[in-house]
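Me: I am new to this structure and would like to understand the labels given to its parts. Could you go through them with me carefully?

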Amino acid sequence: MAEQLAAVTLPEDVTPQWVAGDLVPKLDAASRAGAAQLKAVLAPDVCAQLLDRCQRVLHLEPTLLEVEPPADSQVVVVGDTHGQFHDVCRMLEVVGNPSASNVLVFNGDFVDRGAWGLETLVMLAAWKLALPRSVFLLRGNHESATCTLMYGFKGELTAKYGKSHWRPVYAACKRLFSSLPLSARIGQFTLVLHGGIFRRQPQRPSGKGKRKRSMLHGLDDVTLGGLDDLRRAPKGGMDPNGLGASRLAADVLWSDPVGEPGFQPNVARGVGMVFGPDVTERFLSENGLRLVLRSHEGPDAREGRDDMQPMTGGYTLDHDTPAGKLMTVFSAPDYPQFMPDDAERYNNLAAVAVLTGPDWATPNFRQFAAAHPRPDAQPYYELTVPDSDEEFEPASADASGMTGVERDTASGLAGPTLSTASDACTAQQEQQEEVEQRAVAQQEEEAEAAAAQQPEEQQQQAAAEPTKAAAGGVMSSAATAGPPASAAAAAGGDAAAQETSSKSEETAVPETGAEELSLPLLRAGGKAARGAKDGTEHSSPRKRSRRRPGGLEDPPAVQPAADTAVEVVVL
């Protein structure tokens, strides 16, 4: 066991041989020994140094990558992996490790939900360092402060590094997240991005004067964006929330296709847009594209949606238009890793999209199953927390663990915490919210201390009363489900964010015609389903049981388009 748990030593030059032959086997051994053993293999300072090296590479990349693959190569687009480290290793066995002739584009959501988000992120960051022109990492909606707080990544770091050492690692992760590009154009005709089609970027007025430069115009503009908007846009900062200059980034990360025509706010998620096939056709035509590859939706997100194909085979054809196609690829098999005891598993296959020349716009999908049996692990988040597929609420900066965390200047890693690609509007907003959120956290601590002094009978009576959300007295679905402390902190951040938003007209999202819609603060009473008809509400798959025959059954086959090849790999 001592040999298996040998410590990782970060070399001066990260090579493919080191990643495949040294780092990955050691991470795999640590994952099988238990969460607390990772720090013996990957020390927190070594982990932070590796992530910061990768962040400096990503920082130099633009928001929209222009990838021109060699003629004799293939490009593999990988969808959500969600901390399922062993399944990512299985996927690399199927498609091969990155190389000059095997270009890999990872389309976000590396962390959360699964038990090995850090191992997955570290492996991908190391491959990026080893082959920066053959490995491209794009941002997903879970590469953010809010999602990593609510859906397990922060809890994972705490479990693996303890209360004394998790913060610097988390800080390095979030610096890396804020530097990730949002999209990649492969050749001339294929665009890869995590969520979907987006609105035009709000504009800053020209001219002198601090007040004029700080204001944004076009916040009420729902004009369809294009590749030039992507090129000019910032990467979204630490937590793209859809406000101000982070609006385009939030659209890219959170938007979803629907079956009905139109382009409107994504009420079901509370941030981003939903768009129909007519919008996809226009977007493709106006930007000279033939294919949009996105991810973002797993089998749970697609359950109950009769306007979209189920995500049981790892990919779907969402829009097939005269101008081209929009397709979803999802690369986490048997997802989610953790489910309530009374819920049947989806047993979904995963897939990757393989693109080849000369047009790089005709995908060949390779499907693969999960790497079972998985090592024993426990979830790092409460399974009763509302799905990010349904609602989005900004998290408290204090709760995220970022307050007061800086780089280690002694190790030569000094530098700004925020990427310069993050706009000043987002940074000012975070600073303004921090004071208010500290006050909210202090009030919560005082309330907990007071509750601890109550007699047991009074505590039971108080627990039986409905728990109201911090903002507006609206009932929170997370509160009624019994959320963890992190969920309560996020509710406090909700109130602070709403107050901050009301103070600044330039960051207020105008009404769009939907009743009681406040983006990105969607209340539980205002949820609606993407693609649902007659305003019917989509019920979360985590809130009801799905009874299916036991065992790992073959999911229904996805019907591919006439020009789409499919290969199923069973290992």
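Me: What makes strand β12 count as largely enclosed, and which way do its residues point?

Reply: From β12, Gly324, Leu326 and Thr328 point one way while Lys325, Met327 and Val329 point the other way, and all are buried. Buried means under 20% relative accessible area, exposed means over 50%, and partly exposed lies in between, with a 1.4 Å probe and protein chains only. Since six of the six residues of β12 (residues 324-329) are buried, the strand is largely enclosed by the rest of the structure. Strands such as this one are DSSP runs of E with at least two residues, helices are runs of H or I with at least four, and both are numbered from the N terminus.

Me: Where do these values come from, and how are the residues numbered?

Reply: This is a predicted model, in which local features need pLDDT of at least 70 and side-chain atom pairs count only at pLDDT 80 or more, while totals for chains, interfaces and linings use all residues. Residues are numbered from 1 along each chain as its sequence is written, and side-chain values use heavy atoms, with hydrogens and water left out.

Me: How do you know which strands pair with β12?

Reply: Two strands pair if DSSP finds at least two bridges between them. Strand β10 (residues 291-294) is joined to β12 by four bridges in the parallel sense, with valine 292 having leucine 326 as its bridge partner. Strand β11 (residues 315-321) pairs with β12 in the antiparallel sense over six bridges, and here leucine 317 has methionine 327 as its bridge partner. With two residues between them, β11 and β12 form a hairpin.

Me: Why are β7 and β8 said to stand at the edges of their sheet?

Reply: The open sheet of three strands has the order β7-β9-β8, with mixed pairing. Because β7 (256-257) and β8 (263-265) each have a single partner strand, one side of each is left without a neighbour in the sheet. Three bridges join β8 to the antiparallel strand β9 (residues 273-275), and glutamine 264 has valine 274 as its bridge partner.

Me: What makes arginine 175 and aspartate 52 a salt bridge, and is the pair buried or exposed?

Reply: A salt bridge is a side-chain nitrogen of Lys or Arg within 4 Å of a carboxyl oxygen of Asp or Glu, and the side chains of arginine 175 and aspartate 52 meet at 3.0 Å, N to O. The pair links distant parts of the chain, with arginine 175 in helix α7 (residues 153-179) and aspartate 52 in helix α3 (residues 44-59), 123 residues apart. Arginine 175 counts as buried because its relative accessibility is 2%, and aspartate 52 counts as buried because its value is 1%.

Me: Why is aspartate 28 called partly exposed, and what is its salt-bridge partner?

Reply: Aspartate 28 counts as partly exposed because its relative accessibility is 24%. Its salt bridge is with arginine 32, and the closest N and O atoms are 3.1 Å apart. Being four residues apart in helix α1 (residues 16-33), aspartate 28 and arginine 32 are separated by about one helical turn.
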